[in-house]
Amino acid sequence: MQPVTESNGYVERFTLGEGDLCFAVKDTLDIAGYPTRAGCPALAASPAAEQHADVVATLLGQDCVLTGKTTLHELAFGVTGINPWSGTPVNPRFPDLIPGGSSSGSAAVVASGEVDFALGTDTGGSVRMPAACCGILGLKPTYGRLSRAGVMPAHSSLDCVGIFARSSSVLRQVLTRLAIPVNAPLTTLPTIGFIPAATVEIDSLLLNALAQIDLRPQQVELPLLGDAHRAGLTVISHENWQAFSPLLSDDRVSADVATRIRAGASIDTDALKSAEDIRRTFTAQVDAQLANTPLLALATLPELPPTLDEAQDPLTVVNLTRLVRPFNLSGHPALTLPMGELQGRPVALQLVAAKGEEGLLVQAAEWLAERRRR
């Protein structure tokens, strides 16, 4: 790979399959005949994959057309989407802002209208965050709901294949083709619990937008939300050290990503046990709250997305994942959808449901979109 500055989101363009929906996939998912390089020079000479990732094969068998592979934050281990090797995708609607990471290219090609939907991966918000930055929808399913066979890294207790789209109707079609049922459109929403966890300005925008369609959710709390974010960082650091430390034998991994990978070497047994204890307790806390309010709502990002200049040091913006990463730790499905702008930057709402309730999230997104159009 030769260094490049900008990208339209793609690292490879081709056409596979026939059908009525076109899609692209993040370059951490195997496509037969093409190498999986994860935006990393250390993987530039990787051999071509022998078969498609399971989820890709399923979509190709369900009348979908694959248009190519998309770039990402190197090794899917960063939140800005900035990548000097495979290119930093231009955020189509907000070109001065980061596209978000790590699934930056997949978000960009959907936001630009080049494809109907795209696949990314979400280990700590890596679908929901770029979707929020680019002003589109992003769905992280329940952990384990979609096969990760043929997805890099091979082993993860956090990572999920996720879906980007510009509309909830396309999300409905994609989930149906992946054998995840979505029931008939809702006539009323179930009870929503709102967690005020972002800046006052962002939370106010979200609550005002909901009030305009006569939704006034209950205010609720998840007391371990911050602890779950930190525990998720511990787990991903440990698991990415196990997966990617062999790539650090030379300087072909960029400095910020290499620093984050090396940090995983210091995570000891006690730290992992503490993180797993928080995982169990937080998961039970989310389950208990969802038993009372079947939908949880909160901001996707705690602050406004930064500009490319503001995000030049990627290690300073990891905190942007503090409202999305907890639900990777717990494994609950979560969806982000655009809700407005502040200071010319997008604001997104995150919805969380019980495990296995991806369909409810899509139904809720449909309901909200319909009423906001009126």
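Leu75, Ala76, Thr121, Thr123, Met152, Pro153, Asp159, Ile236, Asn240 and Phe244 line the second largest cavity. A cavity here is a set of points, on a 1 Å grid over the protein atoms alone, where a 1.4 Å probe fits but cannot get out, and lining residues have an atom within 4 Å of a point. The space inside comes to about 60 Å³, with grid points joined across faces, edges and corners and the volume taken as the space filled by probe spheres set on the points. Six of the lining residues are nonpolar, three polar and one charged. For that sorting, Ala, Val, Leu, Ile, Met, Phe, Trp, Tyr, Cys and Pro count as nonpolar, Asp, Glu, Lys and Arg as charged, and the others, Gly among them, as polar.

Before going further, note that this is a predicted model, where local features need pLDDT of at least 70, side-chain atom pairs count only at pLDDT 80 or more, and totals for chains, interfaces and linings use all residues. Residues are numbered from 1 along each chain as its sequence is written, and side-chain values use heavy atoms, leaving out hydrogens and water. The pLDDT, the predictor's confidence in each residue from 0 to 100, averages 96 over the protein chain, and 98% of the residues score at least 70. Confidence is lowest in strand 1 (residues 6-7), at a mean of 82, and highest in strand 7 (residues 137-140), at 99. Helices (H or I, at least four residues) and strands (E, at least two) are DSSP runs, numbered from the N terminus.

Back to that cavity: helix 6 (residues 225-244) gives the most to its lining, with three residues. Asn240, one of the lining residues, is found in helix 6. Asn240 is buried, with a relative accessible area of 6%; buried means under 20%, exposed over 50%, and partly exposed in between, using a 1.4 Å probe and protein chains only. Leaving aside neighbours within four places in sequence, Asn240 is in contact (heavy atoms within 4.5 Å) with Phe77, Pro153, Ser245 and Ile261.

There are four cavities of 30 Å³ or more in the structure.

Now for the packing. The largest nonpolar core has 96 residues, and those with the most contacts inside it are Val56, Phe117 and Leu119. Such a core is a set of buried Ala, Val, Leu, Ile, Met, Phe, Trp, Tyr and Cys residues joined through side-chain atoms within 4.5 Å. Helix 10 (residues 358-373) supplies the largest share of this core, seven residues. Apart from it lies another core, of 13 residues, including Ala24, Val109, Val110 and Val115.

Val109 and Val110 are also among the buried residues of helix 2. In helix 2 (residues 104-111), eight of the eight residues are buried. After helix 2 comes Gly113, with a positive phi near 85°.

Helix 10 turns up again at the largest pocket, where it gives the most to the lining, with six residues. A pocket is an open set of points with protein on both sides within 12 Å along at least five of seven lines. This one has a volume of about 220 Å³.
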